[in-house]
Protein chains: 2
Amino acid sequence: VAGQINFILEADKLKTVTRNTLLADGSRFENAAEHSWHVALAAVVLFDSAPGQGMDLSRIVNMLLVHDLVEIDAGDLLCYHTDQVPAQKEKERKAAERIFNLLPDGRGELLRQLWQEFEAFETPEARFANAVDRLQPLLQAMRTEGQTWRQHRIRKDQVIERMRPIRAALPYLWEYVLEMIEDAVKKGYLIDEEESKASRKDKK
Amino acid sequence: VAGQINFILEADKLKTVTRNTLLADGSRFENAAEHSWHVALAAVVLFDSAPGQGMDLSRIVNMLLVHDLVEIDAGDLLCYHTDQVPAQKEKERKAAERIFNLLPDGRGELLRQLWQEFEAFETPEARFANAVDRLQPLLQAMRTEGQTWRQHRIRKDQVIERMRPIRAALPYLWEYVLEMIEDAVKKGYLIDEEESKASRKDKK
């Protein structure tokens, strides 16, 4: 009992881990707990339309419930800061060790495996879960005039690369995603790679 | 596509619905979205130890993901304000009508059924989900010196009544829950019914 209660109270801390995504109404930054809820719900909503109905929705949802728990120790990293990813992964590995070990025997191991499956990005379920995890912040970024993108001078090609898992897991959404990204460039939320190369050439 | 995206963006609003529960660190009130994540995760953690292994964990988790969506329109009601429950239920019924209808055909109906199942409190899965939904705020209340209880002058018997679903769904936790409540009375977080009756008699 004590192990389970401790784990549930430890998980509460994820509500204080701030992400780089604004809520759709722009009122504040999102925290990692409410984000985890949002993507788990979105997975349930989008699952019907996904190809490969052999997938296990339950594992997708459970993966999304645990996928950010390691951020209790490691914090959230802006996904476009790719140079910091190796150090972040090491922090997350240590966090997983500590956090999942709070649970007695089998249950901690089960959650750790769900987290690892999400991270490994190999099973169809993990690919679907990752695709939903990338779609949700895109929707909120579009609603908030790309504030985080503008602040960090993010390029169109970076976002397309980041969204690529959607192409295979939610193919019927891919065109819609590309349209959103084009729209973001037009509105000045994202830097157009080609234009930015051209302007660098001009300066030479 | 538009229906699903609209629904996902509509759901974002649950992050701004404030509950009467403080986070375990007391820093602020919890919102209904992060609460929904927390109870869904707690259900996964506690499921192993539940009696009746014939239950479908996936339905429990999905129920908990959608159970508070109606609060986007209806807001959160302090569970001990029982006189306001009928009016609240009517608001929630209208909210369900609007929110689940944002989704195309089958998927909206599926989510509405999950919400109804949770509310009806009849299936073993709904009883388990409700038990977890009651346990989590109790844990946070204990960590925050029962601030909400003290503010609203909540009695011990009200909390025992509220926690009762835990007795059947998570019997191995029931003794632990009763101990927490006794502890809360000792520490002055909750009013002891008997003592309060006695003191009323004294005054006569």
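1. Buried means under 20% relative accessible area, exposed over 50%, and partly exposed in between (1.4 Å probe, protein chains only). Glu119(B) is partly exposed, with a relative accessible area of 29%, and Lys89(B) is also partly exposed, at 40%.

2. This is a predicted model, in which local features need pLDDT of at least 70 and side-chain atom pairs count only at pLDDT 80 or more, while totals for chains, interfaces and linings use all residues. Residues are numbered from 1 along each chain as its sequence is written, chains are lettered from A and ligands numbered from 1 in the order in which they are written, and side-chain values use heavy atoms, leaving out hydrogens and water.

3. Lys89(B) and Glu119(B) form a salt bridge (a side-chain nitrogen of Lys or Arg within 4 Å of a carboxyl oxygen of Asp or Glu), with their closest N and O atoms 2.8 Å apart. Lys89(B) lies in helix H5 (residues 85-100) of chain B and Glu119(B) in helix H6 (residues 105-120) of chain B, so the pair ties together parts 30 residues apart in sequence. Helices (H or I, at least four residues) are DSSP runs, numbered from the N terminus.

4. Arg59(B) and Glu125(B) meet in a salt bridge, at 3.2 Å from N to O. The pair ties together parts that are 66 residues apart in sequence, because Arg59(B) is in helix H3 of chain B and Glu125(B) in helix H7 of chain B. Arg59(B) is partly exposed at 27% relative accessibility, whereas Glu125(B) is buried at 7%.

5. In chain A, a network of salt bridges links Glu10(A), Lys13(A), Asp73(A) and Arg98(A). Over all chains, the search finds 34 salt bridges.

Key:
Helix = DSSP H or I, 4+ residues; strand = E, 2+ residues; numbered from the N terminus.
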